[in-house]
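Hi everyone, thanks for coming. Please have a look at the structure on the screen, and then I'll walk you through a few spots in it.

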Amino acid sequence: QVQLVESGGGLVQPGGSLRLSCAASGFNFGVKAMGWYRQAPGKQRDWIATINSDGNTYYTDSVKGRFTISRDNAKNTVYLQMNSLKPADTAVYYCNVRLFGDVWGQGTQVTVSS
């Protein structure tokens with residue numbers, strides 16, 4: 001059974017940091033690209049970052065220089081380190097893998113507020 005489980009969200013002040021984790025199971029994690037998306041209230045789910053199986057990373061412009069995606073293939077886990085957080089980063093964050101279709105985790109809430 002394919003499963004993605006996100007964790008690490010919470011409430012943080014502007015300028016703060018959080019690290020999200022996504023534990024994967026049920027597929028060959030090491031050969032698949034993994035992605036992070038986010039969805040703010042009333043908005044569509046947007047792509048944030050991808051890490052390929054070879055470790056190459058890609059980011060949407062709004063998070064470049066602030067967010068870092070990484071993976072630990074031994075732990076079947078992908079991470080999203082988020083620094084210099086802004087209120088506009090408030091959203092539910094989702095982990096994603098494309099197998100025979102999109103697979104999503106349950107999401108983790110990130111709230112940036114003073």
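Let's start with a pair of residues: Ile51 stands opposite Thr57 in strand 6. A strand here is a DSSP run (E, at least two residues), numbered from the N terminus. Before we go on, this is a predicted model, where local features need pLDDT of at least 70 and side-chain atom pairs count only at pLDDT 80 or more, while totals for chains, interfaces and linings use all residues. Residues are numbered from 1 along each chain as its sequence is written, and side-chain values use heavy atoms, with hydrogens and water left out.

So how do strand 5 and strand 6 pair, and over how many bridges? They pair in the antiparallel sense, over three bridges; two strands pair if DSSP finds at least two bridges between them. These strands form a hairpin with five residues between them, and Gly55 in the turn has a positive phi of about 95 degrees.

Now look at strand 4 (residues 34-39), which pairs with strand 5 (residues 45-51) in the antiparallel sense over six bridges. Trp36, for example, has Ala49 in strand 5 as its bridge partner. This hairpin has five residues between its strands, and Gly42 takes a positive phi near 75 degrees.

My last stop is Arg66, in the loop between strand 6 (57-59) and strand 7 (67-72). Is Arg66 buried or exposed? Arg66 counts as buried because its relative accessibility is 11%, and buried means under 20% relative accessible area (1.4 Å probe, protein chains only). A polar atom of the Arg66 side chain lies 3.0 Å from the backbone oxygen of Ser84.

Methods:
Helix = DSSP H or I, 4+ residues; strand = E, 2+ residues; numbered from the N terminus. Buried < 20%, exposed > 50% of the residue type's maximum accessible area, 1.4 Å probe, protein only. Polar contact = N/O pair within 3.5 Å; in protein donor to acceptor, adjacent residues only side chain to side chain.
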